[in-house]
Amino acid sequence: MPRLFAIGLLCCTPALAGETSPPADLVNLVHQDCGSCHGLTLKGGLGPDIRPQSLSHYDVETLSTVVLDGIPETAMPPWRPLMSEADAKRVAEYLLQGELK
């Protein structure tokens, strides 16, 4: 499992290399990389449901921090080594709204 996770991180690195991601890259990142644990429809899998109605108790800043730093003692990894704070904020906004602005 760790090897598969490492391969997944390497695959998503090009999408995260810039300061901000184009919208299509962001949507692909969420649905493919986040979806690998949270389900491709984001309804849950290894990780919980991450659709807007399930995350409504989060604000953008808190959810961005979860994306960047992960959740200790869970399968949620920290993305800070691979993702800018701006991209994490965009991911959080997308997850909370279900769409890109």
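**Helix packing in a predicted model**

From the N terminus on, the elements of the protein chain follow the order α-α-α-α. The model is a predicted one.

Q: How many helices and how many strands are there in the protein chain?
A: The protein chain has four helices and zero strands.

Q: What is the handedness of the crossing of helix 3 and helix 4?
A: The crossing of helix 3 and helix 4 is right-handed.

Q: Which residues of helix 3 meet helix 4?
A: On the side of helix 3 they are Val60, Glu61, Leu63, Ser64, Val67 and Leu68. Their partners in helix 4 are Glu85, Ala88, Lys89, Val91, Ala92, Glu93, Leu95 and Leu96. The residues of this contact of helix 3 with helix 4 comprise nine nonpolar, one polar and four charged.

Q: What makes helix 2 and helix 4 roughly perpendicular to each other?
A: The angle between helix 2 and helix 4 is about 70°, with their axes 11 Å apart. Angles of 65 to 115 degrees count as roughly perpendicular. Helix 2 and helix 4 are therefore placed in that class. Helix 2 contributes Pro23, Leu26, Val27, Leu29, Val30 and His31 to the contact, while helix 4 contributes Asp87, Arg90, Val91, Tyr94 and Leu95. Eight of the residues in the contact of helix 2 with helix 4 are nonpolar, one is polar and two are charged.

Q: Which residues touch the most other members of the largest nonpolar core?
A: The largest nonpolar core has 19 residues, and Val30, Met83, Val91 and Leu95 touch the most other members. Helix 2 (23-38), helix 3 (60-69) and helix 4 (85-97) each supply at least two residues of this core. Helix 4 provides the largest share of this core, five residues.

Q: What share of the residues of the protein chain counts as buried?
A: To count as buried, a residue must have under 20% relative accessible area. Of the 101 residues of the protein chain, 34% count as buried.

Q: Among contacts between residues at least 6 apart in sequence, what percentage joins residues at least 24 apart?
A: Among these contacts in the protein chain, 55% join residues at least 24 apart.

Note on methods. Residues numbered from 1 in each chain as written. Predicted model: local features only at pLDDT ≥ 70, side-chain atom pairs only at ≥ 80, totals over all residues. Heavy atoms only, no water. Core = buried A, V, L, I, M, F, W, Y, C linked by side-chain atoms within 4.5 Å. Buried < 20%, exposed > 50% of the residue type's maximum accessible area, 1.4 Å probe, protein only. Left-handed = near helix turned anticlockwise from the far one by under 90°. Contact = heavy atoms within 4.5 Å. Nonpolar A, V, L, I, M, F, W, Y, C, P; charged D, E, K, R; others polar. Axes fitted to C-alpha atoms, helices over the stretch in contact; angles between N-to-C directions. Parallel < 35°, antiparallel > 145°, perpendicular 65-115°, else oblique.
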